[in-house]
Amino acid sequence: MQIEQPFELVLFGGLGDLALRKLFPALYLLELDKRLPFGCIYAVGRRGYKSEEVKEKVKQAVFEQISPEYQDDDCWAVFAQRLKYIRIDVQDPKAFNVLSRELDEDCPNRLFYLATASFLYADITINLDSNQLISPASKIVLEKPIGHDLASAKAINKTVAEYFDESQIYRIDHYLGKETVQNLMVLRFANSIFESQWNQHYIDHIQISISESLGVEQRAGFYDQVGAFRDMMQNHLLQLLCIVAMEPPSKMEPDAVRDEKVKVIKALRPIEGKDIHDKVIRGQYGQGVSEGIPVPRYRDEAGVDDQSQTETFVAMKVEIENWRWAGVPFYLRTGKRLAERECEIVVQFKEIPHSIFSMQHKEAMANKLIFRLQPDEGIRLQLCEKKLGSGMNVRPMTLSLNPDNPSQDYMRSQSSGREPDTNRVRVPEAYERLLFDALAGNPTLFLRDDELMEAWHWVDPILAAWQDSDSTPEPYTAGTWGPAASTLLLAKDGRLWNENN
Ligand SMILES: NC(=O)c1ccc[n+]([C@@H]2O[C@H](COP(=O)([O-])OP(=O)(O)OC[C@H]3O[C@@H](n4cnc5c(N)ncnc54)[C@H](OP(=O)(O)O)[C@@H]3O)[C@@H](O)[C@H]2O)c1
């Protein structure tokens, strides 16, 4: 797929945290790979900056994020020529005149990227329309979380849908842009050995965990209003769950994939009433030590209400009511100030029914397939092998397939009999892939409106129950794996979180 040229990318929230840390580095890397055809990028913000100041600020942010081998001043000079800063308060309809003057009314490929808080999405859309900036060829990208509950998400969707057709709307969840997530689909649907095992007959349970060692950093104002459940669980973790659990789509086409994902969300067993207490754990970090440094409790972070009840941790047990997954629990977990920064999907296969070998730790011998999304993306399969030497002792061994570092690719080197390929291939960042897809008009890895609504529909009772209850998040020490109740959630089922790799 190609990006149609010329293109115009209008980035609302153009100097915000997301734009500087993720979107501009991704766009620069596309430039470096010569995948951006002729086109302009307009960064929109409220603050008064001169264009040269903005270019310097963006360059600094981009070069901070990418490794030195990709910091190329010549490429930057080309990229900087595309970049322009536009000062607009998006709640002021008249201010959009400035944008109207800049944009080329005949541009065939105009993308509006909304990297602001979602309560501004309706204003932005209405003001774009009243300034005649939307054409049938325009597209709009909406950052997550869209809304803060089902009603607000519906209201945003309704307004945006008045001006953009569903085919023009790209709801982004950047976890779907990660190489390993796409590899998960390939592994499942291009290999009969895995797909034939991918069900309740062979799989004991699945864990999906996104942990951060950082606290709220500069985003306290936003985070304290949102919390871990809306920021991570309602979108990233549910989307990963869908990719792991969906039925094979008939084609690798946008609606075929999204049809299967939405069926998974519809099949989630509702968590309501007493189940909320039993199956959903929320926590808030207290003071502790993170990566060797003493850190304050959440409520003492700058910008956080000192009485805040916002959860910085959520763990939950989720069940899918269909033939494939009946009786297979999915344990989901996310939080800030945890022991490590990592994102993993762990598919834990059942133990063998009968062992003919002496195994000291039989449970450690069950096969595991681990998809690691961060920090070092890769896939590992845990198997058993004979321990070298006399006797028939069995020990765990791991086959790894690591896209970031082919030299560690044990499987490829073993199977080909050749030396591992040490020519590193740059693994595209998630936003790079998704920005390219949005500019090129490929919505496969973006959410459709019904997926988003079904997700909110499923989480809404949990959020409403927390709102109405006197219960508060359980405290946990910063730098640990969360509250004790999270360990108990699995221990009650005779299981453990996968924490020591
Ligand atoms: N940061 C992340 O890692 C991340 C990850 C995934 C999703 N997201 C989502 O991305 C969106 C942006 O997050 P963020 O962290 O980048 O937030 P942020 O750092 O607070 O940036 C928000 C931007 O919006 C602009 N803005 C706010 N009100 C405006 C107005 N009335 N008119 C024009 N511009 C306005 C601000 O511009 P001024 O500063 O000039 O006022 C600022 O640049 C949110 O929906 C968030 O949930 C963020």
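User: How do you know whether the radius of gyration of the chain agrees with that of a compact globule?
Analyst: This is a predicted model, and the comparison uses a rule of 2.2 Å times the number of residues to the power 0.38. For 501 residues the rule gives a value near 23 Å, and the chain has 24 Å, so the two agree. The C-alpha trace spans about 80 × 60 × 50 Å along its principal axes.

User: What makes a residue count as buried, and what share of the chain is buried?
Analyst: The cut-off is under 20% relative accessible area. Buried residues make up 54% of the 501 residues. The accessible surface of the chain is about 23200 Å², with 49% of it belonging to carbon and sulfur atoms.

User: Which share of the contacts joins residues 24 or more positions apart?
Analyst: Among contacts with a separation of 6 or more, 76% are between residues 24 or more positions apart. A contact here needs heavy atoms within 4.5 Å.

User: How do you know whether the length of helix α6 agrees with its number of residues?
Analyst: Helix α6 covers residues 150–163, which is 14 residues. At 1.5 Å a residue it should span 20 Å, and its end C-alpha atoms are 21 Å apart, so the length agrees.

User: Which residues of α6 are buried, and what covers them?
Analyst: L150, S152, A153, I156, N157, T159 and V160 of α6 are buried. Their cover includes α5 (121–130), β5 (139–142), β6 (169–171) and α14 (449–468).

User: How far apart are the mean positions of the positive and negative charges?
Analyst: For the 58 positive and 75 negative charges, the mean positions are 2 Å apart.

Conventions
Residues are numbered from 1 along each chain as its sequence is written. This is a predicted model: local features need pLDDT of at least 70, side-chain atom pairs count only at pLDDT 80 or more; totals for chains, interfaces and linings use all residues. Side-chain values use heavy atoms; hydrogens and water are left out. Buried means under 20% relative accessible area, exposed over 50%, partly exposed in between (1.4 Å probe, protein chains only). Accessible areas come from the Shrake-Rupley method with a 1.4 Å probe; for residues, only the protein chains shown count as cover. Lys and Arg count as positive and Asp and Glu as negative; His and the chain ends are not counted. The place of a charge is taken as NZ of Lys, CZ of Arg, CG of Asp or CD of Glu. Helices (H or I, at least four residues) and strands (E, at least two) are DSSP runs, numbered from the N terminus. The expected span of a helix is 1.5 Å times one less than its number of residues.
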